[in-house]
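Here's a quick briefing for anyone meeting this structure for the first time.

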Amino acid sequence: MNPSEDPDDGSGGDPDDAPGGRSGDGPSEDPPAARDRDPEGRARNARPRDGLGRPLPYGAPGVERQPEGVERSPRESLTEAQDLLDRGMPFHAHEVLEDAWKMSPEPERQLWRGLAQLAVGLTHAARGNAKGGAALLLRGAGAIAPYEDTVPYDIDVTGLTAWARDLADRLDGPVAAAGNAPRLCAVGGARTAE
């Protein structure tokens, strides 16, 4: 409840209402806005998103979101996430990696969670949030580092860790998402950040 709707504040309306508005008429009689829901009834913002996952106004053209809860093999998850990273869509890559994290066996959960954090870190870096981007990149690097000796699914843990630390160290404004996307797997090595 906002202060203008508090029946005990005595204001009778929102002091910011424009002249001719409903100021003084009491609380709005409009029903609260319905929350966006997915087909299963879970709350989910249906606003379109741009390539970096930022919400756009309803009705604006946007980038189709990744479906949630899709079961993929680890290789399929890595391939799909890499494609999205290469296209400058780290937010969407994060959604694929998050599904893998939530569906992975316990011994691999930190690996997939760390990969998702790396994608979110790149998302924030591309949006210009240097502090948040650096924090998530370093958190993701820390989460995947324990897997360095096992090299699951040919994931380039060493290269990804170095990439994340390098990018985090030099963030001071927005970066190009596609131009700074890492290589997830050792095949071809990790791309160096531009």
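**Salt bridges and core at a glance**

Asp83 and Arg87 meet through their side chains in a salt bridge, 3.2 Å from N to O (a side-chain nitrogen of Lys or Arg within 4 Å of a carboxyl oxygen of Asp or Glu). Keep in mind that this is a predicted model, where local features need pLDDT of at least 70 and side-chain atom pairs count only at pLDDT 80 or more, while totals for chains, interfaces and linings use all residues. Residues are numbered from 1 along each chain as its sequence is written, and side-chain values use heavy atoms, leaving out hydrogens and water.

**Salt bridges**
- The structure holds 8 salt bridges.
- One of them pairs Asp154 with Arg75, with the closest N and O atoms 3.7 Å apart.
- That pair links distant parts of the chain, 79 residues apart: Asp154 sits in the loop between α4 and α5, and Arg75 in helix α1 (helices are DSSP runs of H or I, at least four residues, numbered from the N terminus).

**Aromatic pair**
- There's 1 aromatic pair in the structure (ring centres of Phe, Tyr or Trp, the latter by its six-membered ring, within 6.5 Å; planes under 30 degrees apart are stacked, over 60 edge-to-face, the rest tilted).
- Trp112 and Tyr153 make up this tilted pair, at 6.0 Å centre to centre and 45° between the planes.
- Trp112 is buried at 2% relative accessible area, while Tyr153 is partly exposed at 28% (buried is under 20%, exposed over 50%, partly exposed in between, with a 1.4 Å probe and protein chains only).

Notes
Helix = DSSP H or I, 4+ residues; strand = E, 2+ residues; numbered from the N terminus.
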